[in-house]
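The sequence and the structure are shown first, and the main points follow.

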Amino acid sequence: MSSPIPIEDTIAQECLAVRLRIVHRVATRIYDDALRPTGMTISQLNILVATALLKRVRPAEVCERLQMDASTLSRNVERMKAHGWLETVPDEDRRAQPLRITPKGRRLLARAKPAWDAAQAQVQGLLGAETFAALDSAVRRIHRSEI
């Protein structure tokens, strides 16, 4: 009779969450290192991109789109507003405080693109095309299921 596999071995060998966190940490480090000369992080770049795509967006929409905690978004947005990359725009509901990318933020996006390209290529090379495609598919499935 074989002995049961210890719980810690099962979790260590099978836990998807730990594997995703490792990929996240490694990818974040690569992107942050590449973007460092621009003065922003990959989280801030993603906030800037989401804001640019959505034109005039409420913070809750950015949180939903990026699956980001409201306090994390708020902390980043305050820094980004201080740098002049984002601005708050007037709204009928004063509590909403919609965001908009500024001209300075658009210039920063353009300046960051080559660094992002390099980081993107490095992460894609590290993960491989098949894994990258599977991650893309998983994110699309998650977005569809939230509707």
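The points below move from the chain as a whole to individual residues.

The model is predicted. The protein chain holds seven helices and two strands, and its radius of gyration of 19 Å is well over the 15 Å that the globule rule gives for 147 residues, so the chain is more spread out than a compact globule. Of the 147 residues in the protein chain, 27% are buried.

**Overall architecture**

- Read from the N terminus, the order of elements in the protein chain is α-α-α-α-α-β-β-α-α.
- Taken along the principal axes, the box filled by the C-alpha atoms of the protein chain is roughly 70 × 35 × 25 Å.
- When contacts between residues at least 6 apart in sequence are considered, 56% of them join residues at least 24 apart.

**Surface and charge**

- The protein chain exposes about 10,200 Å², and carbon and sulfur atoms supply 57% of that area.
- There are 23 positive and 17 negative side chains in the protein chain, and the centres of these two sets lie 7 Å apart.

- Helix α2 covers residues 16–35 and includes Ala17.
- Ala17 has a relative accessible area of 43% and is therefore partly exposed, since this value falls between the 20% and 50% cut-offs.
- Ala17 and Thr38 are 21 residues apart along the chain, and their C-alpha atoms are separated by 31 Å.

**Two loop residues with positive phi**

- Lys55 belongs to the loop between α3 (42–54) and α4 (59–66).
- The phi angle of Lys55 is near 70°, which is a positive value in a residue other than glycine.
- Lys55 is exposed, at a relative accessible area of 53%.
- Gln67 is placed in the loop between α4 and α5.
- The phi angle of Gln67 is near 55°, again a positive value in a residue other than glycine.
- Gln67 is exposed as well, with a relative accessible area of 52%.

**Asn76 in helix α5**

- Asn76 is part of helix α5, which spans residues 70–83.
- Asn76 counts as buried because its relative accessibility is 7%, and buried means under 20%.
- A polar contact of 3.3 Å joins the side chain of Asn76 to the side chain of Gln44.
- A polar atom of the Asn76 side chain also lies 3.1 Å from the backbone oxygen of Thr72.
- Apart from neighbours within four places in sequence, the residues in contact with Asn76 are Ser43, Gln44 and Ile47.

- Ala115 lies in helix α6, and its relative accessible area of 17% makes it buried.
- Ala115 and Asp33 are 82 residues apart in sequence, while their C-alpha atoms are 9.0 Å apart in space.
- With neighbours within four places in sequence set aside, Ala115 is in contact with Ala34 and Leu35.
- Gln120 is also located in helix α6, which runs over residues 103–127.
- Gln120 is buried, having a relative accessible area of 15%.
- Not counting residues up to four places away in sequence, Gln120 touches Tyr31 and Phe132.

**Asp136 in helix α7**

- Helix α7 (residues 129–145) contains Asp136.
- The relative accessible area of Asp136 is 34%, so Asp136 is classed as partly exposed.
- The side chain of Asp136 makes a polar contact of 2.9 Å with the side chain of Arg140.

**Points to locate in the structure**

- Which residues does Ala115 contact, leaving aside its neighbours within four places in sequence? They are Ala34 and Leu35.
- Is Gln67 buried or exposed? Gln67 is exposed, at 52% relative accessible area.
- With which side chain does the side chain of Asp136 make a polar contact? The partner is the side chain of Arg140.

Notes: Residues numbered from 1 in each chain as written. Predicted model: local features only at pLDDT ≥ 70, side-chain atom pairs only at ≥ 80, totals over all residues. Heavy atoms only, no water. Helix = DSSP H or I, 4+ residues; strand = E, 2+ residues; numbered from the N terminus. Rg over C-alpha atoms; globule rule 2.2 N^0.38 Å. Buried < 20%, exposed > 50% of the residue type's maximum accessible area, 1.4 Å probe, protein only. Contact = heavy atoms within 4.5 Å. Areas by Shrake-Rupley, 256 points an atom, 1.4 Å probe, with all protein chains shown as cover. Lys, Arg positive; Asp, Glu negative; His and termini not counted. Charge placed at Lys NZ, Arg CZ, Asp CG, Glu CD. Polar contact = N/O pair within 3.5 Å; in protein donor to acceptor, adjacent residues only side chain to side chain.
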